[in-house]
Amino acid sequence: MATLPDNREEIDVSIRRAERADLLAIHRIEKTVFEQPWPYSAFERFLDEKGFLVATINGAVVGYVVSDLMANYGRDIGHIKDIAVHPDAQGFGVGRKLVRRSLLSLFVDGAAVTKLEVREGNEKAKALYYSEGFSRIRRIPRYYDDGEAALVLTVDMNRWGRH
């Protein structure tokens with residue numbers, strides 16, 4: 001993990017496509033952030049997806065997002081499948097930059113709507129998603145192995161693209 005400057009204005013976050021060399025850092029972040037982490041092999045399967053992005057600070061991977069586009073009867077749906085930021089890099093806008101870049105990519109590729117699932121109790125993530133235009137469409141009880149519910153959030157991409 002990169003050493004972060006004390007001054008938030010000095011933080012320079014770069015976003016780029018994920019590469020094979022990033023997978024170990026990505027998986028370490030995944031295991032640090034989530035109680036039910038994806039296996040390493042799951043990330044390998046997404047390497048060719050345009051929506052598999054990493055955030056770096058001073059060259060070190062500090063976060064990532066995995067998203068893709070699904071055809072749906074002429075109204076394609078974007079899906080943000082996984083997003084995480086290393087705890088030491090949280091609070092610097094890394095997650096917001098990842099969400100926005102992911103949404104931009106999905107918008108350009110023709111997504112009519114984008115969805116994601118978030119833990120019902122994850123207040124920080126929900127605040128970020130709501131501030132980016134997502135709305136709750138439903139609750140899925142016992143979605144996670146520990147019994148916590150998930151909220152399914154969506155954003156209309158045409159409306160998002162106008163803001």
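Analyst: A salt bridge is a side-chain nitrogen of Lys or Arg within 4 Å of a carboxyl oxygen of Asp or Glu. The model is predicted, and local features need pLDDT of at least 70, side-chain atom pairs count only at pLDDT 80 or more, while totals for chains, interfaces and linings use all residues. Residues are numbered from 1 along each chain as its sequence is written, and side-chain values use heavy atoms, with hydrogens and water left out.

User: What makes Arg20 and Glu44 a salt bridge?

Analyst: Their closest N and O atoms are 3.3 Å apart, and the cut-off is within 4 Å, so the pair qualifies. Arg20 lies in the loop between strand 1 (13–17) and helix 1 (23–33) and Glu44 in helix 2 (residues 40–45), so the contact ties together parts 24 residues apart in sequence. Helices (H or I, at least four residues) and strands (E, at least two) are DSSP runs, numbered from the N terminus.

User: Why is Glu44 called partly exposed?

Analyst: Buried means under 20% relative accessible area, exposed over 50%, and partly exposed in between (1.4 Å probe, protein chains only). Glu44 has 33% relative accessibility, so it counts as partly exposed.

User: How are Asp68 and Lys81 classed, and what is the N to O distance in their salt bridge?

Analyst: Asp68, at 12% relative accessibility, counts as buried, whereas Lys81, with a relative accessible area of 27%, is partly exposed. Their closest N and O atoms are 3.5 Å apart. The pair links distant parts of the chain, with Asp68 in strand 3 (residues 60–70) and Lys81 in strand 4, 13 residues apart.

User: Why is strand 5 described as largely enclosed?

Analyst: Five of the seven residues of strand 5 (residues 113–119) are buried, so the rest of the structure largely encloses this strand.

User: How do you know that strand 5 pairs with strand 4 and with strand 7?

Analyst: Two strands pair if DSSP finds at least two bridges between them. Strand 4 (residues 77–85) and strand 5 run parallel and are joined by four bridges; Gly78 stands opposite Thr114 in strand 5. Strand 5 and strand 7 (residues 150–156) run antiparallel with seven bridges, and Thr114 stands opposite Val155 in strand 7. Both counts meet the requirement of at least two, so both are pairs.

User: How many salt bridges does a search of the whole structure find?

Analyst: The search finds 12 salt bridges.
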